[in-house]
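Please consider the sequence and structure displayed here before reading on.

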Amino acid sequence: MQTRRELTLQLAALAAGISGLTVNMSAALANAQPGRPDDYSPDEIMGNGHRFFGSISRGLADVVENATKQWGRPNGYILGQEATGAFIGGLRYGEGVMHTRNAGDLRVFWQGPSLGLDAGADGDRTMMLVYNLPATEAIFRRYGGVDGSAYIVGGFAMTALVNDNVYVVPIRSGIGVRLGFNVSYLKFTPASTWNPF
């Protein structure tokens, strides 16, 4: 059964004598996802990352290239900062702004627990690439994954967190001492909270 909009488009195309256009327009309308942010190219992500991380961004190109090979092009990214501490169990708290091309910017907070063979503390500047985000508000949920860290007084670390085919890939460059392997999740919220669960 045709919708009123599809029928109107077909009649307009027939009146103009270009019925082939109708098929393309109907397919485009069927595939459109209202509210879904548009994708960013790797060059755009690297440019924003270089500005954000500044002089320590030498290894960023390799990290972004690896993320692009695995998950494609992100349709959002978060720039922010976070602090973590762990001894077997740990906590992570952060805040930043999620940027999208056509759906606006959104202030976000994140927090989460971790458990594993993990010890240390660090403070990070964090860029999170977001893949397959259907709408900006869909960021507000929990994303789980495995986090392996092995950087001392600087360097980049990349992890991947997932929830229902939406991937969040934090790229961190920080100062501190952190060594280990843990299982963790991040919970994104629209307001700051001390509750990591």
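## Model and fold

The model is predicted: local features need pLDDT of at least 70 and side-chain atom pairs count only at pLDDT 80 or more, whereas totals for chains, interfaces and linings use all residues. Residues are numbered from 1 along each chain as its sequence is written, and side-chain values use heavy atoms, with hydrogens and water left out.

The protein chain contains 4 helices and 6 strands, these being DSSP runs numbered from the N terminus (helices H or I, at least four residues; strands E, at least two). From the N terminus, the order of elements is α-α-α-α-β-β-β-β-β-β. Of its 197 residues, 41% count as buried (buried: under 20% relative accessible area; exposed: over 50%; partly exposed: in between; 1.4 Å probe, protein chains only).

## Salt bridges

The whole structure holds 4 salt bridges, each defined as a side-chain nitrogen of Lys or Arg within 4 Å of a carboxyl oxygen of Asp or Glu. One of them joins Glu-65 to Lys-69, with the closest N and O atoms 3.4 Å apart. Both residues belong to helix H4 (residues 60-71) and are 4 residues apart, about one turn of the helix. Glu-65 is partly exposed at 43% relative accessibility, while Lys-69 is exposed at 64%.

Glu-82 and Arg-92 form another salt bridge, at 2.5 Å between the closest N and O atoms, and both residues are buried. Glu-95 and Arg-107 also meet in a salt bridge (2.4 Å, N to O). Because Glu-95 lies in strand S1 and Arg-107 in strand S2, this pair ties together parts that are 12 residues apart in sequence. Glu-95 is partly exposed at 29%, as is Arg-107 at 43%.

## Largest pocket

A pocket is an open set of points on a 1 Å grid over the protein atoms alone, where a 1.4 Å probe fits, with protein on both sides within 12 Å along at least five of seven lines; lining residues have an atom within 4 Å of a point.

The lining includes Glu-82, Glu-95, Trp-110 and Trp-194. Strands S1 (76-99) and S2 (106-131) each supply at least two lining residues, and S1 gives the most, with 5.

## Nonpolar surface patch

Phe-87, Ile-88 and Leu-115 make a nonpolar surface patch of about 360 Å². Patch residues have over 30% relative accessible area and no salt bridge; nonpolar side chains (Val, Leu, Ile, Met, Phe, Trp, Tyr) are joined within 5 Å, and like charges within 9 Å. Areas come from the Shrake-Rupley method with a 1.4 Å probe; for residues, only the protein chains shown count as cover. Ile-88 lies in strand S1 and is partly exposed at 45% relative accessible area.
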